[in-house]
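Welcome! Here is a short briefing on salt bridges, with a few pairs to look up as you read.

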Amino acid sequence: MLRDWKFQIELNSHSEKPIYLQIADAITNDIHSRRLKAGDALPGSRNLAQLLKVNRNTVVEALNVLLNEGWLISKERKGTFVADILPSQHQNSRDQKSNEASVLKGKNHFRIQFDDGYPDSKIAPIEELARAYRQIFNRKAKWQMMGYGDELGDIEFRKTIAQMLNHQRAMQTDEEQICITRGSQMAMYLTAQCLLQEGDLVMIENPGYKPAWKTFENAGAKLLPVNVDKDGLIIEDVIDYLKKNKRIKAIYITPHRQYPTTVTLSLKRRLELIKLSNEYSFTIIEDDYDNEFHFGYRPILPLSSLQELKNYVYIGTMSKVVAPALRIGYLVCNDHSFIEKIGDLRKIIDVQGDNIMEQAVLQLIKDGTVKRHIKKATNYYKNKRDSVAELLNQHLKNKADYNIPEGGLAFWISPKKEVDWSEISENLKSKGIKIIPPDNYSFDKSINGIRLGYGSLSEKELEESIIALSQFFVVKK
């Protein structure tokens, strides 16, 4: 196939904008100027890399950005083409709808809303999921579809989750140790109700995840906050609690990427915590809420994968992998009697899960859709993370501390000087920007930091918000 388009661009290695974004912007400029028209074929990534004298992976990253944004489409065995319907062609109608919504919602409408790390629903494999859902309906007999299933979840789905956990996260589990739930929050609730009694004590990370704390308090437990530093929860605080209290039943942790600070619990502290758990017989409730999106060589394995750990409940979710609205979570425990209790309570609450949805997701796992989506989404979020890092370096480098996370969909940003977060929040609201104040993460005292979720926001929204936020931070001399 002849490709007559001649790509002309001068790459600037000294620019703050990454090379792959310079390439992506140059291609979109050629589309805007109609040098590239709908249906035009682009050269292959290898040819483009040779033309530009850059690494092929850089070109692939640029093309992935344009594929995800809708400028380009990929046709199997044919190549990459300019999309027939371009983002700019329907931008005006979107803006009009946004303005109409603003009028309807009035002062409660926010143009930009920061979340704590939601995925981008625009890249979710919704069409594939809908097709699988329809196929399941057509394939199954009515009596199979409409009858009650297992309160622990579809048996084949549990087997597949067990296989995934064993192969990818080095766990040693099976379908009898797993319960499928409607999201990770239900898994948390079931765990709290079946594990805790009135007056039990639960250690929690501080700052941490308040919805989990509420489930423990609802079960009658009292919370003991454990401070967090750059290496995760501080083991000395755990030891102090264990020496003073005899009713400590559990500790709730997010060790892979601590919520909200994104730090990883160090190996030394992991081993110390496991030793303490075995010695004092408390359960480690491990919430691995965003394991899939990892940008380094390999993700850190769960504590629950270590054979020496005796008492654990491991909680995960598929909501961020397939689609945010898809409420499928799971919990794993090596205590069969505990899983039985979980099943009994689940049956009282909900009888069973969404059997058809579980089988539809199972189909996407088996046909490789989920694996392909994770690979695509990981590249997409890595590019977006790098863009946010550039924005932070440009606007907050001397005003705040932050680390570039190796995975997940959020940054943790701490101003170098104390700021009034209530005042900042109100000022940003007047600009149509809503943030999550730090009080949403703190146990008993204010913290000087903010979790910035970048997955669901556009680069334009992120840039506007970071610039607005930077105006309230002071340079530390």
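Which side chain meets aspartate 288 in a salt bridge? The partner is arginine 169, at 4.0 Å from N to O. Here, a salt bridge is a side-chain nitrogen of Lys or Arg within 4 Å of a carboxyl oxygen of Asp or Glu, and a search of the whole structure finds 21 of them.

This is a predicted model: local features need pLDDT of at least 70, side-chain atom pairs count only at pLDDT 80 or more, and totals for chains, interfaces and linings use all residues. Residues are numbered from 1 along each chain as its sequence is written, and side-chain values use heavy atoms, leaving out hydrogens and water.

**Aspartate 288 and arginine 169**
- The two residues are 119 apart in the chain: aspartate 288 sits in the loop between β9 (283-287) and β10 (312-317), and arginine 169 in helix α7 (residues 155-169).
- Helices (H or I, at least four residues) and strands (E, at least two) are DSSP runs, numbered from the N terminus.
- Aspartate 288 is buried at 4% relative accessibility, and arginine 169 is buried at 2%.
- Buried means under 20% relative accessible area, exposed over 50%, and partly exposed in between (1.4 Å probe, protein chains only).

**A network of salt bridges**
- Salt bridges link Glu61, Lys382, Arg385 and Asp386 in a network.
- Glutamate 61 pairs with lysine 382, their closest N and O atoms 3.9 Å apart.
- Glutamate 61 belongs to helix α3 (residues 56-69) and lysine 382 to helix α14 (residues 369-395), so this pair ties together parts 321 residues apart in sequence.
- Arginine 385 and aspartate 386 form a salt bridge with closest N and O atoms 2.9 Å apart.
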